[in-house]
Amino acid sequence: MDTAPLDDRKQQILKAVVRDYTETGVPVGSQVLATKYLVSWSSATIRNELANLVDIGYLLQPHTSAGRMPSDRGYRYYVDFLMEEEAVGAAVRRQIDPTLPAHPASVDELLEAAALTLALITDSVSIVTGPTAPAPKLKHVDCVSLDERHALLMVLLEGNMLRQQVVELSTLSTDQDTLSQLATTLRRELVGLDAGAIAEAAPPADAPPLLAEMVEHIVEVLRSVQRRQDAVVVHDGVRNLLRQPEFGDHERLQQVLDVVEEERLLGELLSRIDVDKGVQIVIGAENEMAKLHGCSLVLTTYRAGRQRRGTIGVLGPTRMRYPQVAPRLRYLSQRVGQAVERLLG
């Protein structure tokens, strides 16, 4: 989105409009600006600047007699150039810290606590994804004959996660000796590799068909574990949307809920946003999903050690308290990362 530089006077006007509209939800008129924020300016000067900001797309005027409200472009300029983040005060820290369990029983318990806390301190819908681990690698594999057409494939991953799967064999009368020799070959060639590396290291053309079959089964086991690791999405605070006048329209609210409640959609949305550059703010029509064009996403990454990381963020109306939300999100992400690292090591 093009954000042409604004002169100092227009910047002050835009900043004041964003501040007042965020607090009240009511379009801001020149009289309010002259009384509350720009007392040394004349109402005529303010009206002229407001009109200019509407003309160049930074403000909107719902109708002729109404005040002005920020456009998506105006919010973007404000966030990129004018926003002054609020410090996370001691009172907020006292609100955050005790809510994260010191010794959570599981990652799920920790994520749920984080989502609840984030919704509370931002008055928005919170979104937390589970920590992605490195791609699982094969530690051991074995095959046990069940009958002439079926075998039990046992796959042990690094971290001692065991997966067992009954597989159908295309080769009839496959005895245990044959399967044991096959398992020895698989261990020699594949131990220490992840699904991608195993798939690339295709068996030679003259390899027995049974070997290629087992390799395919092992790859699918590893990929299924990885998909499960990447799929955890926890959210809270949907009720916060009900308090926002922007979502008084039932149809508009339902569009947002459709995205929030569909874990697959939400996961896909988050995967397309680069949150490795600190706090990222996606405003209105910048969202790829049309259903979220009236919303903003504020997201960042929490990290647990060098390899594990997840996404944490909030979803709310574009009329969001960005200077407050961004630092609180950053603080909580640090706390969540520390907690996940303690839990998983």
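Since the model is predicted, local features are taken at pLDDT of at least 70 and side-chain atom pairs count only at pLDDT 80 or more, while totals for chains, interfaces and linings use all residues. Residues are numbered from 1 along each chain as its sequence is written, and side-chain values use heavy atoms, with hydrogens and water left out.

Let me start with the sheet. It is open, with five strands in the order E7-E3-E10-E9-E8 and antiparallel pairing, where strands are DSSP runs of E with at least two residues, numbered from the N terminus, and two strands pair if DSSP finds at least two bridges between them. Strand E7 (233-236) and strand E8 (280-283) are at the edges with a single partner strand each, so one side of each has no neighbour in the sheet. Within this sheet, strand E9 (residues 295-304) and strand E10 (residues 308-317) pair in the antiparallel sense over 10 bridges, and Ser 296 stands opposite Gly 316 in E10.

Now to helix H1, helices being DSSP runs of H or I with at least four residues. H1 covers residues 8-24, and its buried residues (under 20% relative accessible area, with a 1.4 Å probe and protein chains only) include Ile 13, Leu 14, Val 17 and Tyr 21. The buried residues of H1 pack against helix H2 (30-36), helix H3 (43-55), strand E1 (59-60), strand E2 (69-70) and helix H4 (72-82), with contact meaning heavy atoms within 4.5 Å. Just after H1, Gly 25 takes a positive phi of about 75°.

Definitions and conventions: The expected span of a helix is 1.5 Å times one less than its number of residues. Buried means under 20% relative accessible area, exposed over 50%, partly exposed in between (1.4 Å probe, protein chains only).
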